[in-house]
Amino acid sequence: MHWTLDVTFREDDSRARERTLGNNLSWLRRFAITLVKRHPVDDSLRGKLLRCAYNTDFLTEVLMLTNV
């Protein structure tokens with residue numbers, strides 16, 4: 001999981017210095033990876049995240065888990 005977080009979200013380069021903020025951001029990143037991995041589209045994790053960024057309908061599918 002650490003490699004995925006570092007490559008996808010560049011977590012090691014995070015500038016969050018406050019401990020609580022860092023923990024919250026880490027939790028959100030792990031949650032986002034879990035949601036994207038559960039979506040059935042055959043694409044890489046990075047590809048799915050980019051598709052979520054560009055297409056709000058796909059983002060809604062990922063968040064609502066409608067096509068799982």
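A residue is called buried when its relative accessible area is under 20%, exposed when it is over 50%, and partly exposed in between, using a 1.4 Å probe and protein chains only. By that rule Gly22 is partly exposed, because its relative accessible area is 23%.

Let us see where these labels lead in this model. The structure is predicted, so local features need pLDDT of at least 70 and side-chain atom pairs count only at pLDDT 80 or more, while totals for chains, interfaces and linings use all residues. Residues are numbered from 1 along each chain as its sequence is written, and side-chain values use heavy atoms, with hydrogens and water left out.

**Helix H2**

Gly22 sits in helix H2. Helices are DSSP runs of H or I with at least four residues, numbered from the N terminus. The C-alpha atoms of Gly22 and Glu11 are separated by 9.7 Å, and the two residues are eleven apart along the chain.

How far apart are the end C-alpha atoms of H2? They are 29 Å apart, which agrees with the 28 Å that its 20 residues (19-38) should span at 1.5 Å a residue. The expected span is 1.5 Å times one less than the number of residues.

The buried residues of H2 are Ser26, Arg29, Ile33, Leu35 and Val36. Arg29 touches Leu5, Phe9, Glu11 and Ser14, leaving out residues up to four places away in sequence; contact means heavy atoms within 4.5 Å.

**The core**

A nonpolar core is a set of buried Ala, Val, Leu, Ile, Met, Phe, Trp, Tyr and Cys residues joined through side-chain atoms within 4.5 Å. The largest one here has nine residues: Leu5, Ile33, Leu35, Val36, Leu45, Leu49, Cys52, Phe58 and Val62. H2, helix H3 (45-54) and helix H4 (56-64) each give two or more residues to this core.

**A salt bridge**

How many salt bridges does a search of the whole structure find? There is one. It joins Arg51 and Asp43, whose closest N and O atoms are 3.5 Å apart. A salt bridge is a side-chain nitrogen of Lys or Arg within 4 Å of a carboxyl oxygen of Asp or Glu.

**Accessibility side by side**

| Residue | Relative accessibility | Class |
|---|---|---|
| Arg29 | 16% | buried |
| Arg51 | 33% | partly exposed |
| Asp43 | 35% | partly exposed |
| Trp27 | 47% | partly exposed |

Trp27, like Arg29, is found in helix H2.
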